[in-house]
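Please look over the sequence and the structure below before reading on. A short briefing, grouped by topic, comes after them.

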Amino acid sequence: MSCETGFAIEIRERYQDVVADRWPAAVDPQPDELLSSWLHRLAIANGVAPQAFAGVLGLCGGMWSARLDLRLLQDLAAWLGARTDVAPEAISAMAMSDGALVPLWLPLRETARRSRSTWIQYCPLCLADDRAPYFRRSWRLASRISCFTHSCGLRDRCPACRAGIAPFAQTELVPQYVCVRCGFDLRGAAKISVEAVARRLETVDRRYLQGGNRQEFVGDPRMGGALAARSRRRRHRVRPAAHQPAGVGAHPLLRAARAKGRR
Ligand SMILES: [Zn+2]
Ligand SMILES: [Zn+2]
């Protein structure tokens with residue numbers, strides 16, 4: 001018993017002996033969460049800024065987490081699993097591992113020139129509704145241009161400074177829904193509308209992604225013709241145009257429909 005404090009003091013195990021290799025804060029993956037999103041949340045929960053967390057994983061900087069989305073080695077998944085109590089299989093499942101969707105991935109591009117898409121999109125309202133805001137795997141797809149839950153267009157940059165979303169470059173303990181460049185809270189971005197035709201295109205795409213036969217859509221002359229015509233008229237654009245993910249124009253179904261029309 002300490003004379004000064006009145007509290008009993010005893011020698012306990014060292015913290016690091018108790019937790020061994022396990023990191024102190026646990027972060028559960030959310031439904032459809034993208035691996036990089038989980039890594040950013042994991043880093044911050046454990047007191048490490050995302051940019052510095054790349055070093056913890058033995059990686060170089062840049063778009064380190066976005067690169068892991070596209071290629072996560074099993075060794076690293078196992079290493080993360082041992083430190084987080086999340087099964088390596090669950091960690092791997094957050095990566096974009098479905099090879100059939102490769103043509104739909106947005107290019108790994110951080111820069112945000114007006115006419116080009118960035119690497120990821122987001123729905124401000126989804127982020128605002130989340131108890132622990134996170135980025136979805138489906139937001140990495142060029143074919144996704146709207147949120148089915150909120151019936152609004154996805155954004156792919158900060159509305160305040162027009163920079164791309166770059167939580168991997170965050171040097172402070174700041175949540176990933178805060179713009180790295182200007183500090184804008186992305187959850188407060190204004191809702192943008194999507195034309196009905198764009199939503200119809202996505203409905204087709206959703207059926208495709210859920211296991212439909214590619215020929216069912218691309219090979220259907222009615223569908224191909226309709227998509228090509230709408231593409232020519234560029235009526236599938238999200239308004240305002242400055243907010244539209246440029247990846248929409250690269251939609252593989254539209255490309256296939258155009259090619260079919262030229263034959
Ligand atoms: Zn949403
Ligand atoms: Zn910004």
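The notes that follow treat a zinc site and then one proline.

This is a predicted model, in which local features need pLDDT of at least 70 and side-chain atom pairs count only at pLDDT 80 or more, while totals for chains, interfaces and linings use all residues. Residues are numbered from 1 along each chain as its sequence is written, and side-chain values use heavy atoms, with hydrogens and water left out.

**The zinc site**

- The zinc ion (ligand 2) is held at 2.3 Å by the SG atoms of Cys158, Cys161, Cys179 and Cys182, where donors are N, O and S atoms within 2.8 Å of the metal (3.2 Å for Na, K and Ca), and a site may look incomplete because water is not among the atoms.
- The arrangement is tetrahedral because the angles subtended by the four donor atoms are 105 to 114°, and for four donors this term requires all angles to lie between 85 and 135 degrees.
- Along the chain, the donors of the zinc ion (ligand 2) have the spacing C-x2-C-x17-C-x2-C.
- Cysteine 158 and cysteine 182 are 24 residues apart, and both lie in the loop between β2 (152-153) and α8 (196-209), helices (H or I, at least four residues) and strands (E, at least two) being DSSP runs numbered from the N terminus.
- Cysteine 158 is buried at a relative accessible area of 0%, whereas cysteine 182, at 40%, is partly exposed; buried means under 20%, exposed over 50%, and partly exposed in between (1.4 Å probe, protein chains only).

**Proline 50**

- Proline 50 belongs to helix α3 (residues 50-56) and is buried, with a relative accessible area of 1%.
- The C-alpha atoms of proline 50 and alanine 169 are separated by 6.6 Å, although these residues are 119 residues apart along the chain.
- Leaving aside residues up to four places away in sequence, proline 50 touches residues including His40, Trp64, Pro167 and Phe168, a contact being heavy atoms within 4.5 Å.

How values were computed. Chains lettered and ligands numbered in written order. Tetrahedral: all angles 85-135°; square planar, octahedral: opposite > 155°, others 65-115°.
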